[in-house]
Amino acid sequence: MKRSDFRIRDRGIFPSGEWDKGLANDRPFESIAPQTVLLSECQGGGSRIRFLCEPGQRVARGEKIAEPANFTGVDLHAPVSGVVKEFIKQKMPNGELTYCVIEADETQPATADFPYMHEIVQPEAFDRAQLLAAMKDGGVCGMGGAGFPAHIKYAAEVDFDTIIVNAMECEPYLCCDHRMLIEHPYEVLNGLLAMRKACGADRMVISTEENKENAAELLRKIIAENGLEIEVAVREDKYPQGSEKQLIKQVTGREIPSGKLPADVNVVVSNVHTARALADMLYAGEPSMTRGITVTGLVNRPGNYLVPIGTPFTDLIAAAGGLKEEDVRIVLGGPMTGSLLAMGDEADRLPGGVTKTSGGLIAIKDRGLRESPCIRCGSCASACPMGLTPYKINAAYLHGDLPLCEQLLATECIACGSCSFICPARRELTQTSIRARDEVRAMIRERSAKK
Amino acid sequence: MLERLNDKTAGNAGRADLTAAAFPAEGYAFAAALLAADAKTGLFAAAVLFVISVISAALATKRSAASNVLRVILGVVYMAVFCAGVFLMNGYSYQGHFAAIAAALLACLGFVRLAAPAEEEAPDAAEGAAEGAGACPAAAGCPLHAAVVTAALASVLLFLCGIVRELLSAGSVFGLTVTSSAVVSSFYGKTAIGLIAAGFLLAVVSAVRKIDFSGRGTVFVVLPAAVLLMIEARGIGGIAKQVFILIILLLALWGIRKRLRFSETGRPFRGMPVELIMSGLLYMVLSWL
Amino acid sequence: MKEFSPRIGPFLRTSNTSARIMLDVVIALVPAMIFGVWWNGPRALLEILVACAVCQACDMVCDKISGRDFTHGALVTGVLLAFNMTGTTPIWVIILASVFAIVVGKQVFGGLGSNIVNPALMGRCFVMLVYPTVLNSFTVAGGGVDSVTSATVLGTGAGSYSYLQMFLGTIPGTIGETSKLLLLIGFLYLVFRREVNWLASLVYVATVAGVSAMFGFDPLTSLLSGGLVLGACFMLTDYVSVGIRGQLFTAFFAGLVTTFIRVHSSLPEGVCFGILTANCLMGLFVFAQGKHVYGIKDEIGKEDGHA
């Protein structure tokens, strides 16, 4: 028996406004020519790559220098011409990672201009196999999230019917996807057309938010001029609408069953940057070597930068005019799901550099937060996009009751951060939900291993 | 950064398990709720329960089928003494006889049931406690010693409870009027307050003697108490009402138990004490029926 | 609880805090408080202050013993408890009720957020059962003239007072319950701040008015008499642990009980018992939940977010 579909209200949270995105929304991409690049062995999520170059080796821009070391890795190509200096280890939020340091030459090869940057090009010249090969050889991965290899995602033997380009960028502060749509719309659209051919979907959707109305209009104009069958869907700027699960439900009305993937509901979702990367590879022969990143928050000149992968984070902060104040946290990624890179006083010696999945570098005011007892207001339960009850998971986890966490479906948590955000008692709900999720999953794995 | 709130008293596990198993919490709660409404019955209940607890603890250290049977007999004897005492002191009517015996046997079940688990725990706990260095104050007879101290503490509290409740409900002690302040109210002698008092008593015992009362059978206290309340009811309508209240009570307790999983109940109150207090509050809340 | 410096997101927080929410509730109660003191005389102010002080003190002592942080939720409990007392209630009763409400009604279960019943209402229930006579007489001051009466709207029927009087509050009653107008103004403030589930309050009063009407009671009188508005606005909306739909069902159930008591029983007021009964049985109402978890099939018998 199914419960009625009448819900009181599906609330999300609305953390964004003029105060955050407004800082860099109107700043067009600037470029940086870094003197050294720091290439991480982890370009996103849990992926790992294995470097094929040696210290002292000269590499040319676009040359393949790394191959996948695990299932989710993709090829990496040298973003600059130069000499490989050394391999160093740096302490990053997700552990100690190996970085390949390349010293860039004074002069870099000039970037050429191509037709696909100014007009729509249909991917008739390519067949599916060629498109997938381009994804693989170009090192194209999911640049909006965990960096999953595009060639594996699109190669799934599924009868895809919808392809969605995720232009929601629902996290506060970030606007690199927005700028990409405004400044390079043709690359994105051409990439989308190619991806559609690669997966065989019928329906193409670009999904975005109200605060990107100018981008939506521009896209609609181009689409109309070229008679393309792409829908541009604009939604209110609620968080976390850009989350894959929520996005698919909004656009197609389908829910991905627990533990399954978008492919299981015949949908494929890709980021704006990913589409552009494919177009670059197909029509310019350029593998994935650059991306946009928003540097914002308490910096003197918030802005967006279209930079080579590997640009050191310190260079980005310097390009943004340095920090306005020192009492900040420097966050890598978005303010809701990102991680702490360093505190403000370490701004001149930040570890790491831009990866394929680095969307933002934000300086957020350091506010000491103090947990107070849960008042059972239920805000977290109302805000949770998955429909969980975070305060219960929090209580159960703190009591060490993992079976109860499993009953409470902690495994479904998407770690969006809405619960901690909305909690008036400043409780660490997201952290306990994530830990409960991971520990329950481990417990389930152990249980099924025993059988 | 994130600490678990798990604070099982691991160090005292050996001693605590044994004394917990041997401590007739249900019996004490029952007595506190229904008997210790005045000083006289409070003293009686305290004395009886002290003796029973000590004997039960002594039996708990032995692991044999015989001691199991002995425990059951002990429970029945306890209840027989209890009933006799109640009749002597309160002069129940003829119908009250049977109702009281029925209630007593139910409490007896609880008493016996809780003594039974000691069978599984006692062997390890006894050995562990005897060999475990530093956990026991006295050497060889440690578990028994601890059980006696616990029983003594609980009995004293029970007696005090009787005195206080008599003072509050009738302004007297052992029948001698002490005060006629406006604070005195007959409601303090009722079962509802009794259950709340029982909860607090057990919480104190839990806190001082570091015994964990979670997972105990509150129902073994509530059920007999409800049955005894039916004595006061008049006629079929009155009894039906009490049955109805009891059903709602049990349903509510079941729901509240689920709710309490997410509460930060203090360690001494966790489990039986808070459920007893909740039962008392429920009796108060449901008095509109 | 401890301070923490998060290493993973979210790094942003809403500007709302628990303290702010509690402050908002107190602010919402201020209009009715002022009226209550004016209408019942300065003694009412003393009662309110004593209730707040004793509640807060008990709360802090218990929190200290349990090793918890101090909070100010007890102040709200104190005000609401005093609102349920009359102008003639002895101070020692207020003290006992406060101690009972906080210690037995709230702290035993684990302090802030862990309580099952509304502590203020539990305090009132305690007084009604243990010292039933102290709530029977009311002062009717209203501008300096002291007079004590025991006639309430529920007691003598609607004929004695006009609707306007009942709405404005110039009638005998407990300190906080009479002025429906000012209570509603405060409530609207909380609605505006989005801190209450006003739909639950609406369901509660609608149930009481509607079901009473079926028994021949004038709905408007039902709405405006007794502590219904106070209960609906400030007691029922005390944060509970069921989800939104469960709250509505709780409100409905509370309405049924309140109506039953008003219609059938000789008790002076049904709001207190109605809401308390609903609080106690809330654990069963999770079956009314229907909270859907993304990607999980809905089945009957599942609690919110439970497998």
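Just after helix α1 of chain C, Gly41(C) takes a positive phi of about 95°. This is a predicted model, where local features need pLDDT of at least 70, side-chain atom pairs count only at pLDDT 80 or more, and totals for chains, interfaces and linings use all residues. Residues are numbered from 1 along each chain as its sequence is written, while chains are lettered from A and ligands numbered from 1 in the order in which they are written.

**Helix α1 of chain C**

- Helices and strands here are DSSP runs numbered from the N terminus (helices H or I, at least four residues; strands E, at least two).
- Buried residues of α1(C) include Ile21(C), Met22(C), Leu29(C), Phe35(C) and Trp39(C). Buried means 20 or more other C-beta atoms within 10 Å of a residue's own, exposed means 12 or fewer, and partly exposed is in between, with C-beta atoms placed from the backbone.
- Those buried residues pack against α2 (42-66), α3 (73-83), β2 (138-139), α8 (180-192) and α11 (228-235) of chain C.

**Chain C as a whole**

- Chain C has 13 helices and three strands.
- Of its 307 residues, 60% are buried.

**Where chain C meets chain A**

- On this interface, 41 residues of chain C are in contact with 53 residues of chain A; contact means C-beta atoms, placed from the backbone, within 7 Å.
- β1 (3-4), α1 and α12 (244-264) of chain C each give two or more residues to the side that touches chain A.
- That side of chain C splits into 16 nonpolar, 15 polar and 10 charged residues. Ala, Val, Leu, Ile, Met, Phe, Trp, Tyr, Cys and Pro count as nonpolar, Asp, Glu, Lys and Arg as charged, and the others, Gly among them, as polar.

**Domains of chain A**

- Chain A is assigned domain 1 (28-106 + 289-365), domain 2 (115-284) and domain 3 (379-450), with bounds from an automatic or database assignment.
- In chain A, 27 residues of domain 1 are in contact with 21 residues of domain 2.
- β13(A) gives the most to the domain 1 side, with six residues.

Conventions:
Contact = placed C-beta atoms within 7 Å.
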